[in-house]
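Take a look at the model below.

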Amino acid sequence: MATVALSKPAKAAKVKRGGKWSPWLFALPALVVYVAFLVYPALSSLWFSLTDWDGLSATYSFVGLQNYVDLPKDPVVVTAVRNNVIWTVVTIVVPTVIGLALAIALNGKVHGKPVLRLIFYTPAVLPLVSIASIWGWLYNPQYGAINSFLRLLGLDGLAQPWLGQDSTALWAVMVPAIWLRTGFPMLLYLAALQGIPNELYEAATVDGASRWQQFWHVTMPSLRPAHYIVLALSLIDSFKVFDMIYAMTYGGPGTATQVMGTWMYANVFQYYQAGYGTAIAVVITLVAIAVGIPYVRSQTKEAS
C-alpha cells in the first residue's frame with residue numbers, strides 16, 4: 001500500500017507585537033488630556049493654596065499651611081459651612097421625598113404619564129442662570145409674582161423682600177433649588193419601581209399586608225440601590241453649590257447666603273486673595289472626594 005508523506009505544517013509567522021508599551025501608546029492621547037486638564041490644574045491649585053498669591057502678580061511667597069490654619073478663624077467660613085450644611089440637608093431630603101412620591105404616583109395608572117414626566121423633569125435640564133433669573137423676578141419685592149399674589153389675597157403682611165433680608169434669603173434660594181432637583185430622583189425612582197417584580201406585591205397581598213406594609217417591606221428595600229445613587233450624587237452636588245446662589249444673591253445680603261463656593265470665588269476674583277481662595281477650593285474638593293469614594297467603591301463592586 002502506498003503511503004502519502006504528510007508535510008509538517010509550516011511554522012506560523014510570528015506576529016510583531018509592540019511589547020509592554022502598546023497599551024500606553026493607545027492610552028497616551030487620553031492621558032495627555034487628563035494630565036493637562038485635571039492633574040496639572042489640581043497640583044497647581046494645591047501649590048497656590050500654600051502661598052499668598054493675589055492672583056495677578058508674578059511673584060508670591062510660600063506660607064505653608066497658614067491659609068488652612070486661617071480657615072476655621074474666618075467668621076465668613078463658619079457661616080458658609082453652616083449654610084452648606086443647611087443647604088445640603090434641605091436640598092437632599094426634600095427633593096428626594098418629593099421625587100419618590102411623584103415616581104410612585106406616576107408608576108400607577110395615571111393618564112398622560114409622558115407629559116407629566118416631561119413637566120416634572122424639565123426643570124432639571126434648564127440652565128441654572130435662567131432658573132435664577134426667573135425666580136429672581138418672582139421674588140422681586142415690588143412687582144414680583146409672589147408678593148403680587150399675596151397682596152391680591154389681602155395678605156400684605158406676608159409680602160416681603162425675600163432675597164433682601166437675612167431671615168429669608170437662604171430659604172428663598174433653596175426653593176428653586178428644590179424645584180430643579182426633584183426631577184432627577186423622580187426619574188431614577190421611576191425606573192427602579194418599574195423593575196420591581198409584581199410577584200412580590202402579589203405575595204404580600206396574599207399574606208395580608210396592607211399598602212403601607214407593602215411600601216415599607218417591599219418597595220423601600222427594592223429601591224435601596226436607587227436610594228444610594230440619589231443620595232450620593234445629590235450629596236456631592238450639594239457641596240459644590242455655587243451657580244444658583246451667586247446668580248440670585250451673590251452670597252448676600254451680607255453673608256446670609258454665603259457658601260464655601262461663593263466665598264472661594266469672592267476671595268479669588270474680588271478680594272485678590274487667590275492663595276486663600278484656592279485653599280477653600282481644595283477643602284471643597286477633598287470633601288467631595290471623601291463623599292464620592294463610597295459611591296465609586298460600591299459601583300465598582302457591583303460591576304465586578
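## Two helices that cross

Helices here are DSSP runs (H or I, at least four residues), numbered from the N terminus. An axis is a line fitted to C-alpha atoms, for helices over the stretch in contact, and angles run from 0 to 180 degrees between N-to-C directions. The model is predicted: local features need pLDDT of at least 70, side-chain atom pairs count only at pLDDT 80 or more, and totals for chains, interfaces and linings use all residues. Residues are numbered from 1 along each chain as its sequence is written, and side-chain values use heavy atoms, with hydrogens and water left out.

Now for the pair itself. The axes of α3 and helix α7 (residues 166-181) come within 9 Å. They cross at roughly 40°. The crossing is right-handed; that is, the near helix is turned clockwise from the far one by less than a right angle. Contact means heavy atoms within 4.5 Å. On the α3 side, N83, I86, W87, V90, T91, V94, P95 and I98 make the contact.

Which helix holds T96? T96 sits in helix α3 (residues 75-107). Its relative accessibility is 12%, so T96 counts as buried. Buried means under 20% relative accessible area, exposed over 50%, and partly exposed in between (1.4 Å probe, protein chains only). Leaving aside neighbours within four places in sequence, T96 touches P185, Y189, V230 and L231.

I131 belongs to helix α5 (residues 128-138). I131 is buried, with a relative accessible area of 0%. Again leaving aside neighbours within four places in sequence, its contacts are P123, L126, P176, W179, L180 and M244. I131 and A177 are 46 residues apart in sequence. In space, I131 and A177 are 8.9 Å apart, C-alpha to C-alpha.

## A helix with a buried face

Helix α10 (residues 211-222) has 12 residues. At 1.5 Å a residue, they should span 16 Å. The expected span is 1.5 Å times one less than the number of residues. The end C-alpha atoms of α10 are 15 Å apart, which agrees.

Which residues of α10 are buried? They are Q214, V218 and T219. The buried residues pack against α8 (183-194) and α9 (198-206). On the other side of α10, W212 and H217 are exposed.

Most residues other than glycine have a negative phi, and most peptide bonds are trans. Y250 has a positive phi of about 55° although it is not a glycine. Y250 lies in the loop between α12 and α13. At 56% relative accessibility, Y250 counts as exposed.

P253 lies in the loop between α12 (243-248) and α13 (260-269). A cis peptide bond joins G252 and P253, with omega about -5°. Y272 has a positive phi near 55° and is not a glycine. Y272 lies in the loop between α13 and α14 (274-303). Y272 is partly exposed, with a relative accessible area of 45%.
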